[in-house]
Amino acid sequence: MAKKDFSLSTYPWTYQAKFEGNGVWNEVFLEKPHKTPEAEKAMAADELNALLLQRACFSDIPLVTYTSQYGLGCFEGMKAFPQKDGSVRLFRPDENGARFFSSMMGLRMPAFPVDLFVKAGKEVVRRNLEIGFCPVYDPAWEGDNYLSAHSVYLRPFTYSEAAVGLGISLAPWVFFIGTPVGSYFMPGAKKAITTKMTRATPFGTGWIKCDSNYVIPILAKKQAEEEGYMETIFLDSIERKYVEEGSSCNIFFVLRDGVLVTPALGETILPGITRKSVIQLARDAGISVEERNISIDEVLDDSIECFVTGTAAGISHFESITHEGRTVTYSGGEITPIAEKLLVELKGIQYGAIVDRHGWMFDVSK
Ligand code: PMP
């Protein structure tokens with residue numbers, strides 16, 4: 001799975017909050033070094049990289065922490081979309097804020113209030129927009145189902161106080177940085193393969209969006225890529241039979257009888273906001289949706305479509321899934337009908353081309 005535009009090209013305005021005790025967060029918006037977007041485009045690569053590196057550094061932040069040593073931290077990913085009407089709107093930041101809050105609680109840190117989260121997210125996007133760092137809506141995007149469309153990716157994350165030794169973070173920082181993004185999956189082969197590695201276990205942290213959960217998916221995905229696949233699929237850790245998730249996305253199947261199935265949430269699956277939205281949109285469209293265990297054998301025998309969902313992945317269909325030498329093939333790489341219907345609906349709402357009937361879009365300037 002190749003990624004585009006997802007490296008160090010962070011936008012100038014960032015946000016930093018430090019927990020001061022008694023429920024108080026000391027907030028500051030920081031404007032990092034920058035030129036105009038046009039002047040930055042004209043810079044030599046080395047010079048631009050040096051500037052971008054400065055934007056990724058935060059002074060006076062300790063290097064030796066529970067986060068850097070043990071991965072004790074959590075994060076979010078959410079997007080702001082340039083709208084057809086010229087405004088810029090965040091997609092369901094209240095949901096990301098609620099998940100961030102529950103991740104921090106799960107890691108036994110003082111949790112960051114949802115209202116501060118939504119305000120910080122809007123303000124980071126708004127300030128960057130004001131200095132020209134935001135994509136502009138292009139009607140041409142409608143022509144290819146928004147495959148070529150751009151948006152702003154926001155990455156809120158926690159970072160612990162200076163520490164060594166096993167302990168919990170009592171005075172974390174919360175940061176927000178933004179970066180431009182295009183399509184997450186490159187066009188081309190979209191084949192998936194199951195992995196023998198385990199992402200999450202009962203009584204573990206699979207339901208939390210914590211840093212330490214991503215080491216195994218990174219390794220499993222790398223291995224899949226080396227074998228010519230784009231994505232890896234995790235099975236449950238006990239019976240090694242039920243499908244759980246992709247490396248950083250939830251998974252859906254359409255079965256022969258037309259039912260849309262996605263693994264039920266539990267301790268080992270991240271409650272995706274795209275997942276929740278897709279379930280809603282499918283039900284709105286009269287598609288029957290089941291949240292239940294689905295075995296890899298049922299997938300191989302009975303599924304006629306498969307797609308994954310996530311903030312970065314959007315809705316991405318698979319061409320095939322391989323498990324222990326057996327392969328189920330979908331539609332020769334072309335997008336399959338239910339995946340396409342849901343993608344057009346979701347992207348249409350996100351880019352303001354379809355009415356936001358569920359109140360999911362938050363205008364960053366209001
Ligand atoms: N599962 C995992 C493990 C993820 O990292 C993500 C990305 N946040 C998802 C699912 C999809 O969640 P969302 O739709 O909220 O981005």
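Colleague: Leaving aside its neighbours within four places in sequence, which residues is M104 in contact with?

Modeller: M104 is in contact (heavy atoms within 4.5 Å) with W25, C74, M109, P110, A111, F112, T158, P172 and V174. Please note that this is a predicted model, in which local features need pLDDT of at least 70, side-chain atom pairs count only at pLDDT 80 or more, and totals for chains, interfaces and linings use all residues. Residues are numbered from 1 along each chain as its sequence is written, and side-chain values use heavy atoms, with hydrogens and water left out.

Colleague: Which residues have the most contacts inside the largest nonpolar core?

Modeller: They are W25, M104, F112, V174 and F176, in a core of 33 residues. A nonpolar core is a set of buried Ala, Val, Leu, Ile, Met, Phe, Trp, Tyr and Cys residues joined through side-chain atoms within 4.5 Å. Buried means under 20% relative accessible area, exposed over 50%, and partly exposed in between, with a 1.4 Å probe and protein chains only.

Colleague: What gives the most to this core?

Modeller: Helix α5 does, with five residues. Helices are DSSP runs of H or I with at least four residues, strands are runs of E with at least two, and both are numbered from the N terminus.

Colleague: A change of topic: is N96 buried or exposed?

Modeller: N96 counts as buried because its relative accessibility is 2%. It is found in helix α4, residues 93-106.

Colleague: Which backbone oxygen does its side chain reach?

Modeller: The side chain of N96 reaches that of G77, at 3.0 Å.

Technical notes
Polar contact = N/O pair within 3.5 Å; in protein donor to acceptor, adjacent residues only side chain to side chain.
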